[in-house]
Amino acid sequence: MQHRMKEFTMTTESIDALLERGVFGHISTFGQDGYPYTVPVHFVYDGGCIYFHGLPAGDKLDNIKANPKVCFETCEFNKILDENLAIICDIDSAYECAVIRGTAEFVTDMEEKTRILNKFVDKYAPHLKHVPMPEGRIMGTACVKITPESCTGKYHV
């Protein structure tokens, strides 16, 4: 285990809090060309699972269809720690980071998909809750649920 993971492991409660407030994360899939494929996504954390949404076609969705094993990461940078340095190599940063390995699946149930998409509105645009969400747009949006199999978090202050 890495030195920082031993010394600065986040509690489950701290990881949950980071996942609740995180603005964006990165989803990594297995590319069909054999290379990892990582892209940023907006996400919501609900019931211990990560959800992201987007267009109903694309590399990340094709990759998930071929292999549902994924890795998700979100982090929060606080500041550069550069006070009282003896040498420049001692510069550091304050942050929190969570890494989740899990299985991705497409949300197809309209009731669940609508509930999750409304959670995106609540998180990213609560001032637009009154704007209708047409059923056709809900049906045409891909919504993916990541069920964690492992979760780690580390921080530095």
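Modeller: We start with a cut-off: a residue is buried under 20% relative accessible area, exposed over 50%, and partly exposed in between. Keep in mind that this is a predicted model.

Biologist: Why is D46 called buried?

Modeller: D46 has a relative accessible area of 16%. The limit is under 20%. D46 therefore counts as buried.

Biologist: What makes R115 and D46 a salt bridge?

Modeller: The rule asks for a side-chain nitrogen of Lys or Arg within 4 Å of a carboxyl oxygen of Asp or Glu. In R115 and D46, the closest N and O atoms are 2.8 Å apart. That meets the rule, so the pair is a salt bridge. The pair also links distant parts of the chain, with R115 in helix α4 and D46 in strand β3, 69 residues apart.

Biologist: Is R115 buried, partly exposed or exposed?

Modeller: R115 is at 37% relative accessibility, so R115 counts as partly exposed.

Biologist: How many salt bridges are there by this rule?

Modeller: The count comes to six. Among them is E76 with R21, whose closest N and O atoms are 2.9 Å apart. E76 sits in strand β5 and R21 in helix α2, 55 residues apart. Another is E96 with R21, at 2.2 Å. E96 is in strand β6 and R21 in helix α2, so this pair ties together parts 75 residues apart in sequence.

Biologist: What makes K113 stand without a salt bridge?

Modeller: K113 lies in helix α4 and is buried. The nearest side chain of opposite charge, D109, is 10.0 Å away. The cut-off is within 4 Å, so no salt bridge is counted. Leaving aside neighbours within four places in sequence, K113 is in contact with V107, I138, M139, T141 and C143.

Biologist: How many disulfides are counted?

Modeller: The count is zero. A disulfide needs two cysteine sulfur atoms within 2.5 Å. The sulfur of C71 is 9.3 Å from the closest cysteine sulfur, in C97, so that is too far for a bond. The sulfur of C143 is 11 Å from the closest one, in C49, again too far.

Biologist: Are C71 and C143 buried or partly exposed?

Modeller: C71 is at 23% relative accessibility, so C71 counts as partly exposed. C143 is at 1%, so C143 is buried.

Biologist: How do you know that the buried residues of α2 line one face?

Modeller: The buried residues of α2 are I15, L18 and L19. Seen down the helix axis, they fall within an arc of 95°, so they line one face. They pack against β3, β4, β5, β6, α4 and β7.

Biologist: What about the buried residues of α3?

Modeller: In α3, L61, N63 and I64 are buried. Their arc is 160°, so they too line one face of their helix. On the other side of α3, K65 and A66 are exposed.

Biologist: Which residues have the most contacts inside the largest nonpolar core?

Modeller: They are L19, I27, I50, F52, F72 and I146, in a core of 21 residues. A second, separate core of nine residues includes V44, C49, Y51 and F120.

Biologist: What is the overall picture?

Modeller: The protein has five helices and seven strands. Buried residues make up 32% of its 157 residues.

Terms used:
Residues numbered from 1 in each chain as written. Predicted model: local features only at pLDDT ≥ 70, side-chain atom pairs only at ≥ 80, totals over all residues. Heavy atoms only, no water. Buried < 20%, exposed > 50% of the residue type's maximum accessible area, 1.4 Å probe, protein only. Core = buried A, V, L, I, M, F, W, Y, C linked by side-chain atoms within 4.5 Å. Helix = DSSP H or I, 4+ residues; strand = E, 2+ residues; numbered from the N terminus. Arc of directions from axis to C-beta. Contact = heavy atoms within 4.5 Å. Lys, Arg positive; Asp, Glu negative; His and termini not counted.
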